[in-house]
Amino acid sequence: MKLQSPLRASLIIAAMMVAATAQSATMSKADHNAAKTSISAQYKADKAACSELKNNAKDVCQVEAKGKQNVALAELQHGYSGKPADQTKLLKARAQADYALAKEKCDDLAGNAKDVCVKEAKAVETKALVDAKTNKDVAEIKTDAAQEKRDADYAVAAEKCDAMAGDAKSNCIAAAKVKFGKT
């Protein structure tokens, strides 16, 4: 139980660090690398704290430390890039970390209770992974929809330009292309 307080504190520190990183949409590569180094150092400290424990408590501690590291790295990458794909990776990392931890905790049980525990952990992971995939699909749909809207708006603008002649028409079409991202 001595370990709970240091782990909780390190989780809070990691969350604050990642929150600060996520807010900084213009993080430099050097800041990104420094944050990665900090996450790595935190993982080593968390893993070292696990050495005091024995048996499955030690295994649980190590799995928790590794999961925390993976989630922190995924949060950092999403905060750095802001890409929907990185958000999906973050959601998957959380699901996998939660599953690994829950499964490891099941090792303290035996017989049917252990089997049920493992199945419940797998069900939770499956649900979280489906949610991550759904998030990815929704992001792709929104991107496609935005592109279709731009295409439609460009078609209207190009049609308006057709009423013009000469340089005015050329300038109008060029402006429409720039405005709606056509090259």
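Modeller: A disulfide here is a pair of cysteine sulfur atoms within 2.5 Å. The model is predicted, so local features need pLDDT of at least 70 and side-chain atom pairs count only at pLDDT 80 or more, while totals for chains, interfaces and linings use all residues. Residues are numbered from 1 along each chain as its sequence is written, and side-chain values use heavy atoms, with hydrogens and water left out.

Biologist: What is the handedness of the disulfide of C50 and C61?

Modeller: C50 and C61 are joined with their sulfur atoms 1.9 Å apart, and this pair belongs to a structure that holds three disulfides. The torsion about the S-S bond of C50 and C61 is about -80°, and the disulfide is therefore left-handed.

Biologist: How many residues apart are C50 and C61 in the chain?

Modeller: Helices are DSSP runs of H or I with at least four residues, numbered from the N terminus. C50 lies in helix α2 (residues 29-50) and C61 in helix α3, so that the pair links distant parts of the chain, and the separation of the two cysteines in residues is eleven.

Biologist: How are α3 and α4 oriented to each other?

Modeller: Angles are taken between N-to-C directions, from 0 to 180 degrees, using axes fitted to C-alpha atoms over the stretch in contact. The axes of α3 (residues 55-81) and α4 (residues 84-106) come within 9 Å and cross at roughly 175°. Since angles over 145 degrees count as roughly antiparallel, α3 and α4 are therefore roughly antiparallel.

Biologist: How many charged residues are in the contact of α3 with α4?

Modeller: Asp, Glu, Lys and Arg count as charged, Ala, Val, Leu, Ile, Met, Phe, Trp, Tyr, Cys and Pro as nonpolar, and the others, Gly among them, as polar. In the contact of α3 with α4, nine residues are nonpolar and seven are polar, while the number of charged residues is eight.

Biologist: How many nonpolar residues are in the contact of α4 with α5?

Modeller: α4 and helix α5 (residues 111-161) pack at about 180° with their axes 9 Å apart, which means that α4 is roughly antiparallel to α5. Contact means heavy atoms within 4.5 Å, and the residues that make it include L91, A95 and Y99 of α4 together with V118, A121 and L129 of α5. Four residues of this contact are polar and six are charged, while the nonpolar residues number 13.

Biologist: How many charged residues are in the contact of α5 with α6?

Modeller: α5 and helix α6 (residues 166-179) pack at about 170° with axes 9 Å apart, and that makes α5 roughly antiparallel to α6. Y154, A157 and C161 of α5 meet K169, C172, I173, A176 and K177 of α6. Six residues of this contact are nonpolar and no residue is polar, while the charged residues number two.

Notes: Parallel < 35°, antiparallel > 145°, perpendicular 65-115°, else oblique.
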